[in-house]
Amino acid sequence: MMTRRLLQLFTGLAMYGISLAMFIRAGLGLDPWDVFHQGLAGRTGLSIGAVVIIVSFLVLLLWIPLKQWPGFGTICNAVLVGLFADIGLALIPAFSHLGGQIALLAGAVVLNGIASACYIGARFGPGARDGLMTGLARRTGWSVRVSRTLIEVVVLGAGWLLGGSVGVGTVVYALAIGPLVQILLPYFMVPAAVPAAVPAASEAARTADATHTV
């Protein structure tokens, strides 16, 4: 089980970074956080992968007042997504034809959904940005939806002011990624450890209930 979890975590994070590169090469707009990353990269001259890594660790500093602690997957996420984003940008060409851009955008959304389900399902802890959202919700009493919306509106606005790419891809991502991850997550969710004393039938029932809830 540990081998599967590690393989799923690393594969998911690699795919997530590649999907970010695909969004950029499609040239039709990025998700809110990556609008911010791209804007910072343009202003600083750093690669977008380097910016993703730096911002991830800066966001982790905001976990301290929220009394949250990163997991193994959180640290891997902070490093590997940016690393594979730069690898993807080195390998994937830019598209100038609208048909190619749309196909690349669609592929990026699907790959990002699979990647998210993979690393979330591995149960090694949330990414820095997801942890900020859930930590803020827990400490303030706001809903996760309100916390996420507030954070993403702020980073989207800041990224746009810095010159990040906002477009139809931004809207497509916002509308598609939630339902896509919800559909895919049950297929990638690693079952939680169950005490040996729990009967097999009870374990199966609980797993089914958890899958249905997701």
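Colleague: Which residues does Asn-112 touch, leaving out those up to four places away in sequence?

Modeller: Tyr-16, Ser-19, Phe-23, Tyr-173 and Ile-177. Keep in mind that this is a predicted model.

Colleague: And where does Asn-112 sit?

Modeller: In helix H5, which covers residues 98-121.

Colleague: Is Asn-112 buried or exposed?

Modeller: Buried, because its relative accessible area is 2% and the cut-off for buried is under 20%.

Colleague: OK, how about Ala-174, buried or exposed?

Modeller: Ala-174 is exposed, because its relative accessibility comes out at 55% and anything over 50% counts as exposed. Ala-174 belongs to helix H8, residues 168-188.

Colleague: How far is Ala-174 from Leu-30 in space?

Modeller: The C-alpha atoms are 9.7 Å apart, while in sequence the two residues are separated by 144 positions.

Colleague: What about contacts across the protein, how many join residues at least 24 apart?

Modeller: 80%, if you take the contacts between residues at least 6 apart in sequence.

Colleague: Switching topic. How many helices and strands are there?

Modeller: 9 helices and 0 strands, so by the element order you read α-α-α-α-α-α-α-α-α from the N terminus.

Colleague: At what angle do H2 and H3 cross?

Modeller: Roughly 115°, with the axes coming within 9 Å. H2 is residues 32-44 and H3 is residues 48-61. The crossing is right-handed.

Colleague: Which residues make that contact?

Modeller: From H2 you have Trp-33, Asp-34, Phe-36, His-37, Gln-38, Leu-40, Ala-41 and Thr-44. H3 brings in Ile-48, Val-51, Val-52, Val-55 and Val-59.

Colleague: How many of those are nonpolar, polar and charged?

Modeller: The contact of H2 with H3 has 9 nonpolar, 3 polar and 1 charged.

Colleague: Now cysteines. How many disulfides does a search of the whole structure find?

Modeller: 0.

Colleague: Are Cys-76 and Cys-118 buried or exposed?

Modeller: Cys-76 is buried at a relative accessible area of 11%, and Cys-118 is buried too, at 5%. Over the protein, 42% of the 214 residues count as buried.

Colleague: Last thing, confidence. What's the mean pLDDT?

Modeller: 89, and 90% of the residues reach 70 or more.

Colleague: Where is the pLDDT below 50?

Modeller: Over residues 196-214. Beyond near neighbours in sequence, that stretch has 8 contacts in the model.

Terms used
Residues numbered from 1 in each chain as written. Predicted model: local features only at pLDDT ≥ 70, side-chain atom pairs only at ≥ 80, totals over all residues. Heavy atoms only, no water. Axes fitted to C-alpha atoms, helices over the stretch in contact; angles between N-to-C directions. Helix = DSSP H or I, 4+ residues; strand = E, 2+ residues; numbered from the N terminus. Left-handed = near helix turned anticlockwise from the far one by under 90°. Contact = heavy atoms within 4.5 Å. Nonpolar A, V, L, I, M, F, W, Y, C, P; charged D, E, K, R; others polar. pLDDT = per-residue confidence, 0-100. Disulfide = S-S within 2.5 Å. Buried < 20%, exposed > 50% of the residue type's maximum accessible area, 1.4 Å probe, protein only.
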